[in-house]
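I opened the file today to look up the nonpolar core and the aromatic pairs. My notes follow.

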Amino acid sequence: LDAFSRDLSEKSINLVSSIIEVFGLILIFHVDIHWPQTFQAWALFLTACAGATWLYFILSFTVGCWGFWPAESWGPRFLLELILEFTAGAFFPLDVLPLLAQQIINSFPSPYLVYFPLQLFLGKLNSHQIINGFMTMTFWMIFLSIAAKVVWTRGMQVYSAEGS
């Protein structure tokens, strides 16, 4: 819980900074933003954001547990960040990729970090896609939470401290 709280506070700082930057750019370039029009759309979007926050934390935590075995764990963590940003739709919308690539990427948890919540925000999903998206997100949240618990437990069995 302590690690999740720290991660959440770090994300909050990033969110506030991002909001300031985005609204600054909106004012400079006079961009129109199309906000969700209904309470249901906002509720779905915020629920997806909460799920995405948990998914990201649990992925990062699990990869961070790599540090139980080798002395250095920043390499796998950096690689995870890079792959996640690419496959989450942070660099470009995933629907510009070929259909086969979209299907492969959608079978992993990464699109539920950025792409799925943004599609909800933009109102581009029908009810079937929304239900399927939340079911898939829930599956990944449960599966990865169990995996993180297993990795943590096994890591604590081999943990040893060095130094004075």
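Which residues have the most contacts inside the largest nonpolar core? I am working from a predicted model. The core has 20 residues, and those with the most contacts inside it are Leu-55, Leu-113, Phe-116, Phe-134 and Met-137. I then looked up which helices supply it. At least two residues each come from α2 (39-64), α3 (74-88), α5 (115-122) and α6 (127-158). With 7 residues, α2 gives the most to this core.

Next I took Met-137. Leaving out residues up to four places away in sequence, I find that Met-137 touches Ala-48, Gly-51, Ala-52, Leu-55, Tyr-112 and Phe-116.

I turned to the aromatic rings, and the structure holds 17 aromatic pairs. One of them is Trp-42 with Phe-45, edge-to-face, at 6.2 Å centre to centre and 75 degrees between the planes. Both residues lie in helix α2, 3 residues apart, which is about one turn of the helix.

I note both Phe-116 and Phe-134 as buried.

Last entry: I find one aromatic cluster formed by Phe-4, Trp-54, Phe-57, Phe-61, Phe-68 and Trp-152.

Note on methods: Residues are numbered from 1 along each chain as its sequence is written. This is a predicted model: local features need pLDDT of at least 70, side-chain atom pairs count only at pLDDT 80 or more; totals for chains, interfaces and linings use all residues. Side-chain values use heavy atoms; hydrogens and water are left out. A nonpolar core is a set of buried Ala, Val, Leu, Ile, Met, Phe, Trp, Tyr and Cys residues joined through side-chain atoms within 4.5 Å. Buried means under 20% relative accessible area, exposed over 50%, partly exposed in between (1.4 Å probe, protein chains only). Helices (H or I, at least four residues) and strands (E, at least two) are DSSP runs, numbered from the N terminus. Contact means heavy atoms within 4.5 Å. Rings of Phe, Tyr and Trp (its six-membered ring) pair if their centres lie within 6.5 Å; planes under 30 degrees apart count as stacked, over 60 as edge-to-face and the rest as tilted.
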